Amino acid sequence: MSARMVVIKMVPIFDIDSILRLASSGTETCRAIVLELFGGGNVSSRDPNLFRALSLAKGKGCIVVVTSQCASGTVAVGSYAVNDALNRVGIVPALDMTTEVLHLPMLLF
């Protein structure tokens, strides 16, 4: 049994094209993309290709989950303007689940 989950730790200058390449493969490459965002769920929204890549992944059947890079706390859905854009794409907020904990639901999917 494999979760086929790709974890991407977002950093201030990130190559969005890598997410686009991953997303275009759809579920052939992975069933879930987990984005580890800053703090309570913040990410740079300057590059519209990020949202295009996430929409593409969703359209190809991938689950897109966002979690925090912080050791404790929760993804604060709606706390930042970028969260609205992520919600429109259809991401799944991990709330207070860590990346390690997210592995189990991905095994069941």
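Predicted model: local features only at pLDDT ≥ 70, side-chain atom pairs only at ≥ 80, totals over all residues.
Modeller: Residues are numbered from 1 along each chain as its sequence is written, and side-chain values use heavy atoms, with hydrogens and water left out.

Biologist: What pattern does the protein follow along the sequence?

Modeller: Helices (H or I, at least four residues) and strands (E, at least two) are DSSP runs, numbered from the N terminus. On that count the protein has 4 helices and 4 strands. Read in sequence order, the pattern is β-α-β-α-β-α-β-α.

Biologist: In what order do the strands of the open sheet come?

Modeller: Two strands pair if DSSP finds at least two bridges between them. β1 and β2 are parallel over 5 bridges, β2 and β3 run parallel with 6 bridges, and β3 and β4 pair in the parallel sense over 2 bridges. For the open sheet of 4 strands, that is the order β1-β2-β3-β4.

Biologist: Which strands stand at the edges?

Modeller: An edge strand here has a single partner strand, so one side of it is left without a neighbour in the sheet. The two strands at the edges are β1 (5-9) and β4 (92-93).

Biologist: Which helix packs on the sheet, and what angle does its direction make with that of β1?

Modeller: Contact means heavy atoms within 4.5 Å, and by that test α4 touches β1, β2 (32-37) and β3. Axes are lines fitted to C-alpha atoms, for helices over the stretch in contact, and angles run from 0 to 180 degrees between N-to-C directions. The helix is α4, and the angle is about 155°.

Biologist: Which residue of β3 is the bridge partner of Leu-35?

Modeller: Leu-35 sits in β2, where it is the bridge partner of Ile-8. Over in β4, Pro-93 stands opposite Val-66, while Val-92 stands opposite Val-65. The β3 partner of Leu-35 is Val-66.

Biologist: How many residues of β3 are buried?

Modeller: Buried means under 20% relative accessible area, exposed over 50%, partly exposed in between (1.4 Å probe, protein chains only). In a regular strand the side chains alternate between the two faces of the sheet. Ile-63, Val-65 and Thr-67 point one way from β3, with Val-64, Val-66 and Ser-68 going the other way, and all are buried. So β3 is largely enclosed by the rest of the structure, with a buried count of 6 of the 6.

Biologist: And which residues cover the two faces of β2?

Modeller: β2 is mostly covered, with 6 of its 6 residues buried. One side has Ala-32, Val-34 and Glu-36, and the other has Ile-33, Leu-35 and Leu-37.

Biologist: What volume does the largest pocket have?

Modeller: On a 1 Å grid over the protein atoms alone, a pocket is an open set of points where a 1.4 Å probe fits, with protein on both sides within 12 Å along at least five of seven lines; lining residues have an atom within 4 Å of a point. Grid points are joined across faces, edges and corners, and a volume is the space filled by probe spheres set on the points. For the largest pocket that gives about 170 Å³.

Biologist: Which residues of its lining are the closest to the centre?

Modeller: The elements giving two or more residues to the lining are β3 (63-68) and α4 (99-108). Of the 15 residues that line the largest pocket, the closest to its centre are Ser-68, Cys-70, Ala-71, Thr-98 and Thr-99.

Biologist: Is Asp-96 buried or exposed?

Modeller: Asp-96 is in the loop between β4 and α4. Leaving aside neighbours within four places in sequence, Asp-96 is in contact with Gly-73 and Thr-74, and its C-alpha atom is 4.2 Å from that of Thr-74, 22 residues apart along the chain. With a relative accessible area of 59%, Asp-96 is exposed.

Biologist: What is phi of Leu-95?

Modeller: Leu-95 is in the loop between β4 and α4, and at 45% relative accessibility it counts as partly exposed. Not counting residues up to four places away in sequence, Leu-95 touches Gly-73, Thr-74 and Val-75. Its phi is a positive value in a residue other than glycine, near 55°.
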